[in-house]
Amino acid sequence: MLLNIMRENNTQLHQGERERDRLPPISNPSSSGTDRGPKLPYPSLNFISNHKKEAGSHSLSSQFILPGIRHGRDLPPICPDVRQKHQHRITIDILPPEVRARFASDPVIPIRTKTAKEFQEDIERAAVSGEWKHVHDFYLTTFDSFLELNAAFKKEANAPFNTIEDSGINTKFVNAVYDALLLTPPDTQRAVLKGIINSLLREWKGRRTKDDLRAYFILVQNPQCTSPATYVIYAHLLRQIAALGEADHNFLMHWFKKLSQKRFKQLVERLHFFISTRLFPAKPEELPPMAKCYWWIPSATKVLSLLNAANSISCTPIMPFVDFYNLTLDHTDFMEDYHTWQTHGNSTRFTFCQFPFILSTVVKKAIIQKDSEQQMISMARQSLVDKVSRRQRVDMSLLFLNIKVRRLQLVSDSLDELARNRADLKKKLKVTFVGEAGLDMGGLTKEWFLLLIRQIFHTDYGMFTFFKDSHCHWFSSWKCDNYSEFRLVGAVSFCTIP
């Protein structure tokens, strides 16, 4: 093949030389070498169309003649300030189709006219007759790509719908298709999963559009993702959603809050079950090793945070915030997770503490208590080191926050003691009642706390007001010029956490 190409090139070269020999000489024989030939009028740019060629050549050079060029050696000046009269510009409109540049544009979504009512009728006929081919073809086509998902479920195929208030998706149709999916034969359900795999692989590195967001919004509602057998596909879907930009997440968050309470709750429960199953799988052999799928839980948690944000910005919360707690995390080493978060913060290293909405009250209380104890030990150790470094006598009282109060002036004495020992507030509390013998092993601190709280929250004291409807105390509406007593309540609460 290479030899034939070389032979053709040589033939064309010889033909070009013979044609060149037939051309008239460039310069006039009667003139000197520096003289040019006679000035001849040359036409401006004209395309030769509908003209018969002798050799039948269709090259671009044979289709138009450059303007204002007399000979190959007589080129127009390249000075920017020189303007030639009656010079025509070459525009995209006058270029032949074969040399026009093609501009990238969004793909045109095909038109699909099936409605939710027609689909339900197809399902009913298939269930009666046992012939599912028509339904199978619909699922096979619809889930084959993001383009087909938009064609099937978008209200208007090629309308933009680039607002956070309207996703442009026919939600009723999506619900009907998913409700019927689990009733279809196994081969139809497998065809849907294969189509999702192809869609995700095809769109992973593509340019993101709002139609892509709509496809993600549809796919994440798939009820098949409840089964651990589909978790590999589900994890890749969650990974792509979690990797979207902040602006795209904002769109998804507002679209999620438009879902019905039933669909929204199903999404939350599905994500929780995915996280819990990955942490404590019933059959570990069914899932890949944790080392190979370490990104599963972070991706699911980030998508769950979008749902939590959607629930928070709703005028009326779609579901109680306690439903976002994952009780499986109560049985994990959450203190290690907390220490990792303390060390790395909100960096690229994932911790559950970055998403506190998922941690139950039990976990949060335990973390606060452990952290408070560690701070007390740290402060006591620091005081002891300071004394030793100064070569001062070491007293065991340095390890505690010691306060002395009188029963009759309990509030005022407590306020003065806490203000005077502000630097020791993180140490363990030890209380002594003036004029009473006793060693505080926890009992005196508990008594002091109960007496103080009872007095502060008494209605006659005026700091707080009790509401019978809610059975809660709230700040009094009286004008208060001194907030030190309210600060006392906060300090007491902090000192008595352990």
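Select strand E4, residues 472-475: Phe475 lies in this strand. Strands (E, at least two residues) and helices (H or I, at least four) are DSSP runs, numbered from the N terminus. The model is predicted: local features need pLDDT of at least 70 and side-chain atom pairs count only at pLDDT 80 or more, while totals for chains, interfaces and linings use all residues. Residues are numbered from 1 along each chain as its sequence is written, and side-chain values use heavy atoms, with hydrogens and water left out.

Phe475 counts as partly exposed because its relative accessibility is 46%; buried means under 20% relative accessible area, exposed over 50%, and partly exposed in between (1.4 Å probe, protein chains only).

Tyr139, Phe256 and Phe264 have the most contacts inside the largest nonpolar core, a set of 80 residues. At least three residues of this core come from each of domain 1 (116-318) and domain 2 (325-392), bounds taken from an automatic or database domain assignment. A second, separate core of 20 residues includes Leu401, Phe433, Leu444 and Phe464. Such a core is a set of buried Ala, Val, Leu, Ile, Met, Phe, Trp, Tyr and Cys residues joined through side-chain atoms within 4.5 Å.

Select helix H9 (residues 246-256), where eight of the 11 residues are buried. Among them are His249, Trp255 and Phe256. The cover over the buried residues of H9 includes helices H7 (210-219), H8 (231-242), H10 (261-279) and H11 (296-313).

Finally, display the salt bridges, of which the structure holds 14; each is a side-chain nitrogen of Lys or Arg within 4 Å of a carboxyl oxygen of Asp or Glu. Lys258 pairs with Glu165, their closest N and O atoms being 3.3 Å apart. This pair links the loop between H9 and H10, which holds Lys258, to the loop between H4 (146-153) and H5 (171-181), which holds Glu165, 93 residues apart. Glu447 and Arg407 meet at 2.9 Å, N to O. Glu447 lies in helix H15 (residues 443-456) and Arg407 in the loop between strand E1 (400-405) and helix H14 (410-420), so their bridge ties together parts 40 residues apart in sequence.

Key:
Contact = heavy atoms within 4.5 Å.
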